[in-house]
Amino acid sequence: MNNPELQRAWQIIENTGTHLFLTGKAGTGKTTFLRKLKKESPKRTVIVAPTGIAAINAGGVTIHSFFQLPFAPFIPDTTFNTEQKHFRFSKEKINIIRSMDLLIIDEISMVRADLLDAIDSVLRRYRDRYKPFGGVQLLMIGDLQQLAPVVKETEWNMLSRYYDTSYFFGSRTLKETTYATIELKQVYRQNDPYFLSLLNKVRENKADEQTLTLLNQRYIPHFHPAKEEGYIQLTTHNYQAQQINDHELSLIKEPAFSYKAEITGNFPKYSYPTDETLILKKGAQIMFVKNDPSPEKRYYNGMIGEISVIDEDGFTVRTKERDEKIIVQPEEWANSKYVLNEETKEITEEQEGVFKQYPVKPAWAITIHKSQGLTFEHAIIDAHSAFAHGQAYVALSRCKTLEGMVLSSPLSLHAIISDTTIDNYNQYIETHTPNEELLRAMQQTYFLNLVSELFDFSRIARSFNEQVRLIDEHFYKLFPQLLAEYKKQIQIFTTKIVDVSYRFHKQYERLVAQYPDYDTNNSLQARIIKGAAYFEQELRPFHKLAEATHLPTDNKELRKKANNTLEEFLNALTQKLSLLQYVEESGFHVSDYLRKKAYILLSETDHENSASTTTRDRKERTPQERSSRERKKIEVPRDILHPELYRKLTEWRGAKAKETGLPAYVIIQQKALLGMVNLLPDDAESLEAVPYFGRKGVENYGLELLGIIRGYMKEQHLQRPEIRTVFVPRERKRDKEDTKKISFRLFKEGMKVKEIAESRGLATSTINKHLLPYIQSGDIKLQELVNQEKIDRITAYLRKLPSLPQGLTEIKEKLGGDASYDEIRFVFEVYKKL
């Protein structure tokens, strides 16, 4: 990623919580950036778009389907009164919303302001109601100079009282935030500076008579290109494109063949990527509507070709660009929804339906609207009837070169429609592009906010107060001693938790501001770990109080309210304790913390919704049973009870080791294999309980292992045996080996950083942070982690500087992409001590 704007966008998304509007001219790499982010970002991401086609192209789902919104206008501070259901989310959808880190909205130019506020209302409902968009980071991608949002006059009559514009930036919620903007400048689609300058004038509403004169030199009346040139016509209206395609097909004196799509599951018609019934003839001009998924990459979305051979079994296309012949096979498009993998706790896409058809459509003509995002070598453009903002620019910018463009009618100024609202907003974009200093501040703020979130006890305080109020109002006669105990404990909570957290906030806020290397600074890490240990210990008595609470009543409504109130109190405590324990043991590293937080949240939500974990059930279990998840030890028979399953699991482990390049014992220890073979775990919870495997093992390999075990059990007609447990004293965390020492020991034993990360279930960046102090102390030689050529190059650059830089970004940008941030940090820290 050598583009500086794209690098900065990546840093904002990966290292901050700031919302970002990523814009740029057509062909500047916005879609490519989205795909890279989807593939490589560690953040839990959901992608949505305003239309079905845009969602399919982006690899996401539509806004309305994901958030279950009606198509009616959203009026702030009101509720919908339509027959369409909304906000009635499944547990799975709620889990996804609660655990996601990043929401990507593609084609944001077509998203209305009220729709963005409707998204905000859903996110606040299921997340933090005090934060814009519920605390989720937004990445909004699109070009405002292209297609605008659609709003009917009757709808605008309602909305105009609340919004000054229908564009997304008119959103009342978005205006509450300080979001960044980055405009991509480098165009990859067109390489001709002369053509680019003309396009920019049209885009920026600066086209004058001279611009039109130059563009209209491409006006060629009655232009009829040869078939092999592969021209496509772009029209402003659907009926025009349909008429042209029907007419051209009728002129071909060849038999027609029809191919009907196979549609399974739920795939709405408005999202069909091509015709449900394709009618084609030999000699017909077609356009591919999908990138070739094969390694050969023979065609791409928007490539023009001609049918050269055709029969009822299929057809061959001769491409215009390379004069190659492609035997076309049916392809599949998925209509997906986001689901939560219950075993790995990761957000994944699940197919709701599949559309299977040949990836082509008749293409003598298509509408300008449907051409958005496509690129053509040759196009005939009819934009004189343009009726919307950005339509003419979209049409002209589809072409790679000026010579490949032909105008079927002269372009006039009235066809270049520009919205003054957009022109004014462009000034905002220019003043809100973050520089290096602001980017560092954003990263620091993000880190500080996450630490503050860890030590924020307001949710517990609210649920604590609700619990006291409930007992005081409804149970004070039955349980006066319990009420007195709660009132006593809430005073202690205020003194030992709330007041101390307020003072502690000032301490770590000062330390974050003091240390430029706050994310790796040992002093700050030690302070955070000590803070986590303190609050974890002090919260324990309140957790025991909640666990011991039982409020029986014959009143059904009151019983429900009492159960829900106590459940919220207990869950708030449990989630916070789990996070504090994790940080106490592993330190505070952003990517790992986010991953752990999501897992804990989802695990507790599953626990909350389980039929076996109601408040009444908890009371009926003995204290020993209640704490058994933390204190029980599983007894595993020593003999191999199922040799065939043992063989299958051993073969799987060997194949996985070969695939990942890791030692077999790093994938799964031998003792864990024995446990799986003898205990026959058939769900995520029982698999997690297998000794020497645990939660990280479930996250990494749970689906594959459960598939093998369940298959074997089904073949052999086996049931899971009773799991015998014994209770043992809980090991104190303070007796455990320091997490940095573990990484150092494994490194000295010969494991590579990637292998250590895989074996410990941590990010490679976290392992590198563990090893950094040992490089500084000389226990690890710099050359063991960075090759000599990079050391020399980084050192040479540092010597040229008059003073040491505050951060690493400046060095990274100067040296290019082959040296990682961790490698630069290693060299930088050693250089500072010279």
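Reply: The mean pLDDT of the protein is 82, and 87% of its residues reach 70 or more. pLDDT is the predictor's confidence in each residue, from 0 to 100. This is a predicted model: local features need pLDDT of at least 70, side-chain atom pairs count only at pLDDT 80 or more, and totals for chains, interfaces and linings use all residues. Residues are numbered from 1 along each chain as its sequence is written, and side-chain values use heavy atoms, leaving out hydrogens and water.

Me: Where is confidence lowest, and where is it highest?

Reply: Lowest in helix 22 (residues 623-626), at a mean of 38. Highest in strand 5 (residues 137-141), at 95. Helices (H or I, at least four residues) and strands (E, at least two) are DSSP runs, numbered from the N terminus.

Me: New topic. What is the strand order in the open sheet of four strands?

Reply: The order is 18-7-19-20, with parallel pairing. Two strands pair if DSSP finds at least two bridges between them.

Me: Which strands stand at the edges?

Reply: Strand 18 (365-367) and strand 20 (405-407). Each has a single partner strand, so one side of each has no neighbour in the sheet.

Me: How many bridges join strand 7 and strand 18?

Reply: Three, in the parallel sense. Gln233 stands opposite Ala365 in strand 18.

Me: Now Gln669. Where is it?

Reply: Gln669 is in the loop between helix 25 (664-667) and helix 26 (670-679).

Me: What does Gln669 contact, leaving aside neighbours within four places in sequence?

Reply: Arg653 and Tyr692. Contact means heavy atoms within 4.5 Å.
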